[in-house]
Amino acid sequence: MENYSRKMEKRLLRTQHRESKILPHPGEDCGLTFGNDTYIIKATLIMRKCCQKYTGKRGEQSMEHITSRQNALMTHIRKLNASRAYRRASGEYLCDGVKLLEEALRWNAPLKTVVLSEGVDAPALPSGVRAVQVPADVMRSISPMETPQGALFTVRLPDTALPEMLTGAHYLVLDGVQDPGNVGTILRTADAFDCDGVFLVNACADPYSPKTARATMGAVFRRDVYQCTADELCALLQKCGLPLYGTALRNDTVSLRDAELSRAAVAIGSEGRGLSAELLSKCEKTIKIPMSPRCESLNAAVAAGIRLSLHAPY
C-alpha cells in the first residue's frame with residue numbers, strides 16, 4: 001500500500017506542475033481521487049518535493065525555471081519593454097539590473113515579477129513576488145540591454161493622477177523633453193535636491209520606460225511624477241497659488257540669480273526646441289541661466305540641476 005501511495009503522490013505532483021509550474025499553496029493538503037478512493041498528499045510533503053524540484057535545496061525560496069523564448073511571461077516582458085501603451089494597459093513597467101533591483105527592494109517598490117539569469121543569486125523577495133530563472137539565451141531575448149545585467153523585474157505602475165493640492169515649494173515642469181536619459185537624469189537630480197514634484201507635459205519621454213527608469217538610479221521608486229496637459233497643470237498651480245516661471249528669453253527675462261523662486265514651479269523645455277509656445281504663454285515670468293555668450297543653450301538635465309541646486313535644503 002505504501003508503494004501505491006508513493007505512486008499516487010508522484011502522479012499528483014506531475015499533474016500539478018506539468019503545465020504551469022506554479023507551486024501549490026503551502027498550507028493546503030492535496031487530494032487525488034481514483035474511482036471511489038481518495039488519496040491525501042500532505043502539504044509538507046508536497047512543499048519538500050517542490051523545493052527540491054525548483055531550488056535543489058529544502059527551505060530555499062521557490063524559483064520557476066523557464067527555458068522557452070515563446071513563454072507567455074517572456075512575451076509579456078518584451079511588450080513591456082517596447083510599448084508605452086502596453087505598460088499602461090497592463091499596469092506595470094519593466095526595470096533591469098541587479099543594482100536597480102536592490103533599490104526597488106530597499107524602497108519597497110511594488111514588485112510583481114523578478115527574472116534572473118542562471119548563476120545570479122536570488123535576493124530575499126517579498127511574499128507574492130513571482131521569481132523566475134532563465135538561461136542566458138532567453139535573458140538576451142527579453143533584455144532591453146545589448147549586454148543583459150542579470151536581472152529584470154516588473155513593478156506595478158503608481159497612480160499618477162494629479163493631487164488635489166500642492167503643499168511643497170519647489171516644483172519642476174518638463175515640456176516636451178523626449179530623451180529618456182534626460183528625463184531619468186532629471187528625476188534623479190530632483191530626488192537629490194528634494195524637489196517636491198515633477199510634472200511632464202507635451203509628449204515627454206515615458207518616465208516608466210526601462211531606459212528612463214535605469215537613468216533615475218532608483219529615484220523612480222520614491223519621487224512623485226505627474227503626467228498631464230498644460231491646461232491641467234496651470235489650473236492646479238493657480239489653485240495652489242504657485243507661480244509658473246519658464247526658462248526662456250523674453251522681454252521680462254531675469255537672471256536665475258535674481259529670480260524669486262522660494263515657492264514656484266519652473267518649466268524647462270527640450271534642448272532643441274525650448275519651451276512650447278503654449279506653455280510659454282502661461283508663464284508669469286521667464287528666467288535665464290547666466291553663461292558664456294558663445295553658448296546658446298544647456299542640456300535640459302544640466303539646466304534642471306542648476307535650478308534645483310539653488311534652493312537645496314542641504
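## Close-up views of a predicted model

View 1. Strand E3 and strand E6 (residues 130–134) run parallel and are joined by 2 bridges, in what is a predicted model. Within this pairing, Glu-64 is found opposite Val-132 of E6. The two strands belong to an open sheet of 5 strands with mixed pairing, whose order is E3-E6-E5-E7-E4. Its edge strands are E3 (64–65) and E4 (92–96), each of which pairs on one side only.

View 2. Arg-69 and Asp-137 form a salt bridge in which the closest N and O atoms are 3.6 Å apart. The two residues are 68 residues apart and link distant parts of the chain, since Arg-69 is in the loop between E3 and helix H3 (72–82), while Asp-137 is in helix H6 (residues 136–142). Arg-69 is partly exposed, at a relative accessible area of 38%, and Asp-137 likewise counts as partly exposed, at 28% relative accessibility.

**View 3. The parallel sheet of seven strands.** In this open sheet, 7 strands follow the order E10-E9-E8-E13-E11-E14-E12, and the pairing is parallel. Strand E10 (225–227) and E12 stand at the edges with a single partner strand each, so one side of each has no neighbour in the sheet. Further in, E8 and E13 run parallel and are joined by 6 bridges, with Val-173 standing opposite Ala-267 of E13. Strand E11 (residues 244–247) pairs with E14 in the parallel sense over 3 bridges, and here Gly-246 has Thr-286 of E14 as its bridge partner. E14 is also joined by 2 bridges to strand E12 (residues 254–255), and these two strands run parallel; the bridge partner of Val-254 in E14 is Ile-287.

**View 4. Helix H11 and what covers it.** Helix H11 is mostly covered, with 7 of its 10 residues buried. The buried residues are Ala-300, Ala-301, Ala-303, Ala-304, Gly-305, Arg-307 and Leu-308. The elements that cover them include strand E8 (170–175), helix H7 (180–192) and strand E13 (264–269).

**View 5. A nonpolar patch on the surface.** Met-291, Leu-298, Val-302 and Ile-306 form a nonpolar patch on the surface, and together they have about 270 Å² of accessible area. Leu-298 has its place in the loop between strand E14 (285–288) and helix H11 (300–309).

View 6. Residues up to four places away in sequence being left aside, Phe-221 touches Tyr-93, Cys-95, Leu-100, Glu-103, Ala-104, Trp-107, Ala-109, Phe-153 and Val-155.

**View 7. A network of salt bridges.** Glu-103, Arg-106, Asp-191, Asp-194, Arg-222 and Arg-223 are linked in a network of salt bridges, within a structure for which a search of the whole finds 14 salt bridges. One of the pairs is Glu-103 with Arg-106, where the closest N and O atoms are 3.6 Å apart. Because Glu-103 and Arg-106 are 3 residues apart in helix H5 (residues 98–106), they are separated by about one helical turn. Glu-103 counts as buried, at 9% relative accessibility, whereas Arg-106 is exposed, with a relative accessible area of 57%. In another pair, the side chains of Arg-223 and Asp-194 meet in a salt bridge, at 3.3 Å from N to O. Arg-223 lies in the loop between helix H8 (210–216) and E10, and Asp-194 in the loop between H7 and strand E9 (197–201), so this pair ties together parts that are 29 residues apart in sequence. Arg-223 counts as buried, at 17% relative accessibility, and Asp-194 is partly exposed, with a relative accessible area of 33%.

Technical notes
Residues numbered from 1 in each chain as written. Predicted model: local features only at pLDDT ≥ 70, side-chain atom pairs only at ≥ 80, totals over all residues. Heavy atoms only, no water. Patch = residues over 30% accessible without salt bridge, like charges linked within 9 Å, V, L, I, M, F, W, Y side chains within 5 Å. Areas by Shrake-Rupley, 256 points an atom, 1.4 Å probe, with all protein chains shown as cover. Salt bridge = Lys/Arg side-chain N within 4 Å of Asp/Glu carboxyl O. Helix = DSSP H or I, 4+ residues; strand = E, 2+ residues; numbered from the N terminus. Contact = heavy atoms within 4.5 Å. Pairing = 2+ DSSP bridges. Buried < 20%, exposed > 50% of the residue type's maximum accessible area, 1.4 Å probe, protein only.
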